[in-house]
Amino acid sequence: MYSILIVFEIPYLLYTRLFSAGSCWQSFNMMPPPDALSNLPKCVIDEILMRLSLRDAVRTSILSKKWRYNWCTLPQLKLDQTLWKTTKDLTCFTSNFTKIIYHILTLHEGPITQFTLSIPYLEGCPNFDNLIYFLSRNGIQHLVLELQSGNLYKLPSSFFTCSQLRHLSLENCIIHTPPVFKGFERLISLKLSGVTISSELLGSLISHRLFLENLVLENSDISNPVEISAPKLRSFVFIGDIHFIRLKYVPLLSKVSYEPRAFSVEAEHDLAKIFESIPALEHLCWNLHYVKAVDAGPVEFIPTRLPSAFNCLKRLYVSWICLAEFFDLSFALCLIRSSPYLEEIEIEACGTVGDEYYEPVPCGVVDEIPASFSDMTFNRLRTVKLKRVRDIGPEMQLIKVLLAKSPALLRMVIDPRVEEDKKSLKVLAEITKFQRASSKAEVVYNVD
């Protein structure tokens with residue numbers, strides 16, 4: 001135990017206070033009060049310790065003999081930045097980390113159901129194989145490996161024997177599966193960030209997982225298309241090349257967030273294919289930050305509305321979209337027209353360098369925007385948020401449509417671009433003239 005206290009540093013102030021309190025009781029010839037903390041039920045003590053950092057949990061070993069080994073039976077352990085607070089800690093990271101892992105492997109008793117390893121600014125990649133093997137033999141159910149920089153870590157074969165896994169989060173890892181591996185059958189949530197993995201293995205991790213509810217794929221190295229069939233999937237976050245992902249059977253999927261690194265519409269039904277298998281979609285977030293209009297494809301392949309409407313969609317959030325760009329505007333209007341039961345819309349616009357556009361919106365198209373909504377009424381729309389708005393035709397026409405077609409609208413918040421502040425009064429005066437279907441609609445035009 002002595003070596004443990006060296007690694008985690010005894011809190012000197014706490015130590016002296018404990019002993020000074022004891023001497024105070026002795027000076028009055030009185031017995032100290034019962035040790036209420038030590039007599040707490042073990043499950044309560046575990047809850048207390050699990051709310052502390054691992055460093056502080058080990059420090060409680062000095063409180064009393066009964067507390068000396070309490071941390072050694074914790075079912076949840078977290079090794080994160082609280083253990084490497086200084087530059088010196090990071091410089092000696094490998095030796096310090098080896099000591100910590102050695103003490104965990106030799107002193108810990110009982111199951112470890114949840115383990116988090118989060119290492120910042122890692123240079124190189126230490127060998128975690130013994131740790132993974134230890135976890136695989138101790139009932140690990142929730143595993144988080146966040147290796148935020150450095151070389152990719154290749155997961156050992158023992159990782160694939162963690163048959164009790166329910167929650168898995170991996171960052172900067174390489175996964176090469178053994179031939180007999182058939183996936184983690186009890187998986188509920190899966191997050192892969194910057195992971196190198198074959199499309200076949202990814203498919204086996206995801207598809208036909210009867211309990212998988214939450215899936216996050218961020219910038220993972222995927223070279224071939226992957227079909228996702230997950231009957232209980234409810235939330236999906238994807239950052240990457242959207243053409244490599246196909247949602248085949250996801251009947252309960254209600255929350256989707258897309259941030260495509262590559263996105264183009266090169267055929268008439270390309271856009272429809274992305275959404276055709278999400279009948280229960282309620283929340284859609286689409287970030288166009290990395291999509292360039294020059295690569296997005298012909299505008300004529302963006303339909304006026306999708307073949308199948310989003311009849312369950314309640315909230316639509318579109319960010320980094322340039323409404324003065326013909327493709328971006330057509331894409332946004334298509335999503336809005338295809339969502340008749342929206343309750344909330346949020347659009348965060350962006351501009352271009354020097355206000356130069358690949359294909360500006362034609363004047364005739366701007367004038368036709370209200371007519372394209374002639375057969376629609378947004379009876380459930382209550383909130384609209386428009387950020388970085390400029391005094392341009394497409395944005396003003398969209399504001400006019402949403403005010404005129406939303407009888408239940410309560411609040412529209414408009415945040416103009418900073419450089420547009422001098423035009424604010426003029427823009428606001430124009431907006432106040434627009435017809436409103438809702439007598440309760442409040443328009444808030446924020447000016448810093």
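In this predicted model, residues 24 or more positions apart account for 67% of the contacts in the protein with a separation of 6 or more. The protein has 448 residues, and buried residues make up 46% of them. Its secondary structure consists of 13 helices and 18 strands. The accessible surface comes to about 22700 Å², and carbon and sulfur atoms hold 53% of that area.

Helix H13 spans residues 424–432, and its buried residues are Ser424, Val427 and Ile431. They cover an arc of only 70° around the axis, so they lie on the same side of H13. An α-helix has 3.6 residues a turn, so residues three or four places apart point the same way. The face of H13 turned away from the buried side carries the exposed residues Leu425 and Lys426.

What do the buried residues of H13 pack against? Their partners are helix H12 (393–404), strand S17 (411–416) and strand S18 (442–445).

Two packed helices are described by the angle between their axes and the distance between the axes. For H12 and H13, the angle is about 35° and the axes are 10 Å apart. H12 passes H13 in a right-handed crossing. On the H12 side the contact is made by Met396, Ile399 and Leu403, and on the H13 side by Val427, Glu430 and Ile431.

Ser220 and Leu313 each sit in a loop between two strands. The table gives their places and accessibilities.

| Residue | Loop between | Relative accessible area |
|---|---|---|
| Ser220 | strand S8 (214–218) and strand S9 (226–229) | 16% |
| Leu313 | strand S13 (283–287) and strand S14 (315–321) | 0% |

Ser220 counts as buried because its relative accessible area of 16% is under the cut-off of 20%. Its side chain reaches the backbone nitrogen of Val195 at 3.5 Å. Leaving aside neighbours within four places in sequence, Ser220 is in contact with Leu192, Ser193, Gly194 and Val195.

Beyond its neighbours within four places in sequence, Leu313 is in contact with Leu281, Glu282, His283, Leu284, Ser339, Tyr341 and Leu342. How far from the C-alpha atom of Leu313 is that of Pro340? The two C-alpha atoms are separated by 8.1 Å, and the residues are 27 apart along the chain.

Note on methods
Residues numbered from 1 in each chain as written. Predicted model: local features only at pLDDT ≥ 70, side-chain atom pairs only at ≥ 80, totals over all residues. Heavy atoms only, no water. Helix = DSSP H or I, 4+ residues; strand = E, 2+ residues; numbered from the N terminus. Buried < 20%, exposed > 50% of the residue type's maximum accessible area, 1.4 Å probe, protein only. Polar contact = N/O pair within 3.5 Å; in protein donor to acceptor, adjacent residues only side chain to side chain. Contact = heavy atoms within 4.5 Å. Areas by Shrake-Rupley, 256 points an atom, 1.4 Å probe, with all protein chains shown as cover. Arc of directions from axis to C-beta. Axes fitted to C-alpha atoms, helices over the stretch in contact; angles between N-to-C directions. Left-handed = near helix turned anticlockwise from the far one by under 90°.
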